[in-house]
Amino acid sequence: MIDSTYFNELSDGAKKSLTGEEVLLSTFKGESTDFMRFNNGDVRQAGTVTQGTMDLQLIAGRRHGSSSVTLSGDAETDRHRVRQMLSVLREQRSRLPEDPYLLFNTEGSSSFFVGDDTTPAPEDALGHIQTAAGNRDLVGIYTAGSTATGFASSLGQQNWFQTSTFNFDWTFYLRADKAAKNGYAGLTWDDDVFADKVNWSLRQLEALKRPAIDLDPGAYRSYLTPSAMQEFLDLISWGGFGLESHRTKQTSLLHMVDGDATLDASVTISEDTANGVAANFQEQGFMRPDEVVLIDAGAYKDTLVSPRSAMEFDAETNGASSSESPLSLAVAPGDAETATAMERLGAGLFVGNLWYTNFSDRPACRVTGMTRFATFWVQDGEIVAPVNVLRFDDTIYNLLGANLEALDDTAEIVLDAGSYENRSNSSFRVPGALVNNMRFTL
């Protein structure tokens, strides 16, 4: 993978071709990722993806243009591509209007971080996975390796952030729509943690062999796993926490912002950059603080503020990206013992996964979606039978507010398995939740 030295030398070379008062902002995204796709417990596809792109933003006054260059790793070829792109951007910029909301860092906040690579060797990971699969139909994808983000400004600022992670997203498939889905992700592989996850999936797989039951629409006591909770958080993150959406009244948390609603006092949500795997700087060179508390003890606290929103709404930026979406979202754990989740549920629904989640009433933060894979009816803390697919429709103010009974005392890291254009570095740290009433409509 392209390293910081190569990126900085390329950026410094580009700086020499600037004219007049031009400013160049360069952003790098790169990865070196090993991947294995599994079907029926065997590897069906394996390989390595090594790639890097350099985003260029050429600024003069309040006019600017931007584009991307795919890097080859050959210095002469890449220098030529960058010079060509700068010429194109210079021509484009001359035809663009001034941007009143342009803001970039001029203070030179340089930084460098390369985390230790403690991910397992591919052959070791393969051994663990195939042992877990046995003769069962295991379907999934394993990815591991380094991702890097860089920033360089012609004003002298240089930043680099590199981490190494693994992510195994898998399912034990039984038949039709009956399957037990699970995931294991992090920085360091722990055999005991993986074994516990496999054993839980096997327990679910055995329960799925029992005849499924249908439940009538209604409100049911429910336990939401960290995976199910992550679906809700991912949805809320879509325009929920940004200053622009708050000021334009488009946020799904509008009632909280206006002071008309709160969540349960046990709920604290933050952008926890210090404990995430995303870079601690953004594409205009502003640094991200270690933590931005978004919801504090159930009440609205703060927003993510991009440089453009800072200019438009006369606020201070806190290093948010242009989308103002969190990259390292964390829900603080509660005080309920995670190991007793089923016992605390007693009688009700164990909801392992959700999908097709969306807003049914965005201003009211009402969400809808379907249960997926292993959802079970539990009685006296024990699985009785799998439950056929259900549709839920409820508000976050109920699920994490009035009807929230407890949050688990441990939070699980969930890494985004997305790989559109490049491997995602978004992460969630989230506990499971016990809800005394969750509304199902179908």
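Visitor: How far apart are the end C-alpha atoms of helix H5, residues 226-237?

Guide: They are 16 Å apart. At 1.5 Å a residue, the twelve residues should span 16 Å, so the two values agree. The expected span is 1.5 Å times one less than the number of residues. Helices (H or I, at least four residues) and strands (E, at least two) are DSSP runs, numbered from the N terminus.

Visitor: What kind of model is this?

Guide: This is a predicted model, where local features need pLDDT of at least 70, side-chain atom pairs count only at pLDDT 80 or more, and totals for chains, interfaces and linings use all residues. Residues are numbered from 1 along each chain as its sequence is written, and side-chain values use heavy atoms, leaving out hydrogens and water.

Visitor: Is H5 mostly covered or mostly open?

Guide: Mostly covered: nine of its twelve residues are buried. Buried means under 20% relative accessible area, exposed over 50%, partly exposed in between (1.4 Å probe, protein chains only). The buried residues of H5 include Met 229, Phe 232, Leu 233 and Ile 236. Just after H5, Gly 239 takes a positive phi of about 80 degrees.

Visitor: Where does Ser 252 lie?

Guide: Ser 252 sits in the loop between helix H6 (243-247) and helix H7 (254-257). Its relative accessible area is 0%, so Ser 252 is buried. Next, look at its contacts (heavy atoms within 4.5 Å). Leaving aside neighbours within four places in sequence, Ser 252 touches Ile 236, Gly 239 and Gly 240, among others. Its partners also include Phe 359, Arg 362 and Tyr 397.

Visitor: Is Leu 442 buried or exposed?

Guide: Exposed, because its relative accessibility is 63%. Leu 442 lies in the segment after strand E20 (433-440). Beyond neighbours within four places in sequence, Leu 442 is in contact with Pro 217, Val 389, Leu 390 and Arg 391.

Visitor: How many helices and strands does the protein chain have?

Guide: Ten helices and 20 strands. The chain's radius of gyration is 24 Å, close to the 22 Å that the globule rule gives for 442 residues, so the chain is as compact as a globular protein of that length. That radius is taken over C-alpha atoms; the rule is 2.2 Å times the number of residues to the power 0.38. The C-alpha atoms fill a box of roughly 75 × 55 × 35 Å, taken along the principal axes.

Visitor: What share of the 442 residues is buried?

Guide: Buried residues make up 50%. Now take the contacts with a separation of 6 or more: residues 24 or more positions apart account for 71% of them.
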